[in-house]
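Biologist: I have a model open here and want to get my bearings. Can we go through it together?

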Amino acid sequence: MGAEEKLRRAATRVVDLVLTEDCAYLDALPDAVEIEVVTPLSAVGRALAEGTANELAQAVGLFLSCAAPVAGEMPADLAEAVTELRAGLREYGRRGSWRGLVGAADKRLDTGGGDR
C-alpha cells in the first residue's frame with residue numbers, strides 16, 4: 001500500500017468515527033474536543049471526497065494542528081485513530097513537499113500533550 005492510500009485510509013477512519021449520520025459519537029465527545037476538531041475534520045472529509053492528495057494532506061495537517069491542544073481529552077479510540085492519521089501524514093510527507101507541514105503538526109501534538 002502506498003503512502004497516499006495509507007493517508008486516505010487513516011483520514012477515512014477518523015472521519016467515519018466522528019462525523020456519523022446520527023451524531024452520537026460527536027455528541028459524546030468532550031466539548032473542548034468537539035469545538036476544536038469538527039470544522040477541520042469536515043475539511044478532511046471534503047478533501048477525501050473531492051480533493052487531490054496534496055489538498056488532503058493540507059486538510060489533515062490543519063486537523064492535526066487543531067486537535068493537538070485537546071489530544072489528552074480525546075477518547076482512546078479517537079486518540080488511536082489520530083495517531084494513525086499522524087503516521088499516515090508523516091509517511092506521505094516523506095514524498096517531498098509536505099515535510100514542513102508534517103513537522104509542524106508533530107511538534108504541536110507533542111507539545112499539546114501527545115496522543116494517548
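Biologist: How do H4 and H5 lie to each other, and why call it that?
Modeller: H4 and H5 are oblique to each other. Their axes cross at roughly 135 degrees and come within 10 Å. Angles under 35 degrees count as roughly parallel, over 145 as roughly antiparallel, 65 to 115 as roughly perpendicular, and the rest as oblique. Axes are lines fitted to C-alpha atoms, for helices over the stretch in contact, and angles run from 0 to 180 degrees between N-to-C directions. Helices are DSSP runs (H or I, at least four residues), numbered from the N terminus.

Biologist: What should I know about the source?
Modeller: The model is predicted: local features need pLDDT of at least 70, side-chain atom pairs count only at pLDDT 80 or more, and totals for chains, interfaces and linings use all residues. Residues are numbered from 1 along each chain as its sequence is written, and side-chain values use heavy atoms, with hydrogens and water left out.

Biologist: Which residues of H4 and H5 make the contact?
Modeller: From H4, Ala53, Asn54, Ala57, Val60, Gly61, Phe63 and Leu64. From H5, Val82, Leu85, Arg86, Leu89 and Tyr92. Contact means heavy atoms within 4.5 Å.

Biologist: Next, H3 and H4. At what angle do they pack?
Modeller: About 165 degrees, with the axes 8 Å apart. H3 covers residues 31-50 and H4 covers 53-67. That angle makes H3 roughly antiparallel to H4.

Biologist: Which residues meet there?
Modeller: Val37, Leu41 and Val44 are among those on H3. The H4 side includes Leu56, Val60 and Phe63.

Biologist: Now the core. Which residues touch the most other members?
Modeller: Leu7, Val44, Val60, Phe63, Met74, Leu78 and Leu85, in a largest nonpolar core of 32 residues. Such a core is a set of buried Ala, Val, Leu, Ile, Met, Phe, Trp, Tyr and Cys residues joined through side-chain atoms within 4.5 Å. Buried means under 20% relative accessible area, exposed over 50%, partly exposed in between (1.4 Å probe, protein chains only).

Biologist: Which helix gives the largest share of this core?
Modeller: H4, with eight residues.

Biologist: What does Leu7 touch?
Modeller: Leu56, Ala57, Val60, Leu85, Gly88, Leu89 and Tyr92, leaving out residues up to four places away in sequence.

Biologist: And where is Lys6 found?
Modeller: In helix H1. Lys6 counts as partly exposed, at 33% relative accessibility. Lys6 and Leu89 are 83 residues apart in sequence, yet 8.5 Å apart in space, C-alpha to C-alpha.

Conventions
Helices (H or I, at least four residues) and strands (E, at least two) are DSSP runs, numbered from the N terminus.
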